[in-house]
Amino acid sequence: MRFIVSTSTLLKHLQAVSGALSSSAVLPILENFLFEIKDGGNLVISATDLQTSMITSLAVESKEGGKIAVPSKILLDTLKTLPEQPIAFSVDEQTYAIEISAGDGKYKLSGENGEDFPKIPVVENASTVNLPASVLAEAINKTIFAVSNDELRPAMTGVFCQLSPQNITFVATDAHKLVRYRRTDAKADSATSFILPKKALNLLKSSLPSEDLNVSIEYNSTSAFFKFGNINLICRLVDERYPDYDAVIP
C-alpha cells in the first residue's frame, strides 16, 4: 500500500477527526487512526472510542488499495514539525511497518493490522432530518452548558432532541438548571425523540463549518449519523428515558 498526500491537507483532516480518539488502555488499537484507500485514490480516515466515531476522506495519489492502523499521537506530532510538502507513505502489508518519506527525511512507524480496527456502525433503518449548520451549532451552544456530568443519572448526560412536524426542541438539565431551545423553522417528517451524548455534541460544535452547510442527520434506535462537508460523525445514543421536563416548566 503506497500513497502520496500533502502534509497540511493530511494534518487538517487528522485534526478534524482526532477528537474521537480514545486513550483506552484496554484496547490500544483505539489510539490509532484507520487509513483505508478506496476507489483508487480516496483515503478514508476513521477514529473511534467505540461510542463516538468520526470519518473523513480526501483525495490522494495511489494505485492500490489497502488498510492500516496508524499510531495517532506520533503521526500528528511528526506532521506538525513538517513544512507544507508532498509526503509518501509506504506500508509493508506483512509486518505493518510504515515508512514516511518527506523531502530528504524518512520516518518509520510501526502500525497495526487494519482488520483489527473496530467496525464503524453503518446506517440501517434510519430516518433523516436536515438542519442548517448554524441552527445545529446554535442549539448545541444554547443547551450543552446545562448537561449533567452525573454518571448515576445517564439520561441527563446528554441533550434531549424532540423532533416533530411542527418544530424541533433541544432540552438539557442537570437537575438544578433546565434549558429548552425550540426552533419552528426546522421540522421533521415524523415525531420522535432521542438523547445525544455530550462528547458527540462537543465534537460537532468544534467541527461544524462556519459557512452554513446543510447537515444531514440520520438516526435509528441506537445511533445518530451526522454528515456535513467531507466529515461523518456517528454516535451511540444514550439509551435512557428522559425526565418529563414539561412538568417543571410553570
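Reader: Which side chain does Asp174 meet in a salt bridge?

Author: This is a predicted model, and in it the side chains of Asp174 and Lys177 meet in a salt bridge, at 2.9 Å from N to O.

Reader: Are these two residues buried or exposed?

Author: Buried means under 20% relative accessible area, exposed over 50%, and partly exposed lies in between. Asp174 has 15% relative accessibility, so Asp174 counts as buried. Lys177, at 37%, counts as partly exposed.

Reader: Which salt bridge links Lys199 to a distant part of the chain?

Author: The side chain of Lys199 meets that of Asp49, at 2.7 Å from N to O. Lys199 is in helix α4 and Asp49 in the loop between β3 and β4, 150 residues apart. Asp49 is buried, with a relative accessible area of 16%, while Lys199 is partly exposed at 31%.

Reader: What does helix α4 touch in the sheet?

Author: Helix α4 (residues 198–207) packs on the sheet and touches β4, β17 and β18. The direction of α4 makes about 30° with that of β4.

Reader: In what order do the strands of the open sheet come?

Author: The order of its 9 strands is β10-β6-β2-β3-β4-β18-β17-β16-β11, and the pairing is antiparallel. β10 (112–113) and β11 (127–132) are at the edges with a single partner strand each, so one side of each has no neighbour in the sheet.

Reader: How many bridges join β16 to β17?

Author: There are 4 bridges between β16 (residues 214–219) and β17 (residues 223–228), which run antiparallel. Glu218 stands opposite Phe225 in β17.

Reader: Now a helix. Why do residues three or four places apart point the same way in an α-helix?

Author: An α-helix has 3.6 residues a turn, so residues at that spacing point the same way. In helix α2 (residues 72–81), the buried residues are Ser72, Leu75, Leu76, Thr78 and Leu79. They are on the same side of α2 because they cover an arc of only 165° around the axis. The face turned away from that buried side carries the exposed residues Lys73, Lys80 and Thr81.

Reader: What covers the buried residues of α2?

Author: The cover includes α1 (7–17), β2 (32–38), β6 (66–71), β7 (86–91), β8 (97–102) and β9 (105–110).

Reader: Last, which residues have the most contacts inside the largest nonpolar core?

Author: They are Leu10, Phe33, Phe35, Leu75, Phe89 and Phe226, in a core of 68 residues. Helix α3 (residues 133–143) gives the most to this core, with 5 residues.

Key:
Residues are numbered from 1 along each chain as its sequence is written. This is a predicted model: local features need pLDDT of at least 70, side-chain atom pairs count only at pLDDT 80 or more; totals for chains, interfaces and linings use all residues. Side-chain values use heavy atoms; hydrogens and water are left out. Buried means under 20% relative accessible area, exposed over 50%, partly exposed in between (1.4 Å probe, protein chains only). Helices (H or I, at least four residues) and strands (E, at least two) are DSSP runs, numbered from the N terminus. The arc is that of the directions from the helix axis to the C-beta atoms. Contact means heavy atoms within 4.5 Å. A nonpolar core is a set of buried Ala, Val, Leu, Ile, Met, Phe, Trp, Tyr and Cys residues joined through side-chain atoms within 4.5 Å. Two strands pair if DSSP finds at least two bridges between them. Axes are lines fitted to C-alpha atoms, for helices over the stretch in contact, and angles run from 0 to 180 degrees between N-to-C directions. A salt bridge is a side-chain nitrogen of Lys or Arg within 4 Å of a carboxyl oxygen of Asp or Glu.
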